[in-house]
Amino acid sequence: MKGAGHTNALRDGMVGDCAARRANETAHPVQELQHNFLRTKLDAKTRDLGNMFGSHMMMRRKMEEAILSRHQRLPGLKSEFVGLSTLLGRDDDFGFEDVLDDPWMRETSCMPLHDAMEIKLFGKAL
């Protein structure tokens, strides 16, 4: 007989127990800092602009950032966000993806354009 609170570890495995423990764990503080680094840096720069030039500059910067982050290309094509990267000062960065294998530079596409558009409009490929 099987009770409501009993689980069979041989049949079900320990996966459910591990997943429950991982859900309760918190992220490492360094991992959290790395995850929020760019946002923290941008907020600090915005505060500095507000202190130097007034609150209108903070609002203008936030407005420009919001406008430039909304502009996107069709699904399936990579949005470069050239204006946003220029505003944020990331256009001068030279990373490994500029030299090594960038998946967007490959000749074959990951997903057909029609499937990507269906996912954007309907939430799934039809």
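**View 1. The outward side of helix H4 carries Phe 37, Lys 41, Asn 51 and Met 52.** These four exposed residues sit on the face turned away from the buried side of H4. What we're looking at is a predicted model, in which local features need pLDDT of at least 70 and side-chain atom pairs count only at pLDDT 80 or more, while totals for chains, interfaces and linings use all residues. Residues are numbered from 1 along each chain as its sequence is written, and side-chain values use heavy atoms, with hydrogens and water left out. As for the labels, "buried" is under 20% relative accessible area, "exposed" is over 50%, and "partly exposed" is in between (1.4 Å probe, protein chains only). Helices (H or I, at least four residues) and strands (E, at least two) are DSSP runs, numbered from the N terminus.

**View 2. Helix H4 from end to end, with its buried face.** Leu 42, Thr 46, Leu 49 and Gly 50 are the buried residues to look for here. Down the helix axis they fall within an arc of 100°, so they line one face of H4; the arc is taken over the directions from the axis to the C-beta atoms. As a reminder, an α-helix has 3.6 residues a turn, so residues three or four places apart point the same way. The cover over the buried residues of H4 includes helix H5 (55–70) and helix H6 (82–88). Just after the helix, Gly 54 takes a positive phi of about 110°.

**View 3. Thr 46 and what it touches.** Thr 46 is part of H4, and it counts as buried because its relative accessibility is 4%. Leaving out residues up to four places away in sequence, Thr 46 touches Met 58, Arg 61 and Lys 62. A contact here means heavy atoms within 4.5 Å.

View 4. The whole structure has four salt bridges, each one a side-chain nitrogen of Lys or Arg within 4 Å of a carboxyl oxygen of Asp or Glu. Arg 39 pairs with Glu 65, with 3.2 Å between the closest N and O atoms. This bridge ties together distant parts of the chain, since Arg 39 is in H4 and Glu 65 is in H5, 26 residues apart. Arg 39 is partly exposed at 37% relative accessible area, whereas Glu 65 is buried at 12%. Asp 43 pairs with Lys 62, and their closest N and O atoms are 3.5 Å apart. Here too the partners come from distant parts of the chain: Asp 43 from H4 and Lys 62 from H5, 19 residues apart. Asp 43 is partly exposed at 28%, and Lys 62 is partly exposed at 39%.

View 5. Arg 60 and Glu 64 form a salt bridge with closest N and O atoms 3.1 Å apart. Being four residues apart in H5, Arg 60 and Glu 64 are separated by about one helical turn. Both are partly exposed: Arg 60 has a relative accessible area of 47%, and Glu 64 comes in at 28%. Elsewhere, salt bridges with shared partners join Arg 39, Asp 43, Lys 62 and Glu 65 into one network.

**View 6. Phe 81 and its positive phi.** Phe 81 sits in the loop between H5 and H6. Its phi is near 50°, a positive value in a residue other than glycine. Most residues other than glycine have a negative phi. Phe 81 is partly exposed, at 25% relative accessible area.

**View 7. A nonpolar patch around Phe 96.** Phe 94, Phe 96, Val 99 and Leu 100 make a nonpolar surface patch of about 520 Å². Patches take residues with over 30% relative accessible area and no salt bridge, joining like charges within 9 Å and nonpolar side chains (Val, Leu, Ile, Met, Phe, Trp, Tyr) within 5 Å. Phe 96 belongs to the loop between H6 and helix H7 (113–122) and is exposed, at 61%. Accessible areas come from the Shrake-Rupley method with a 1.4 Å probe, and for residues only the protein chains shown count as cover.
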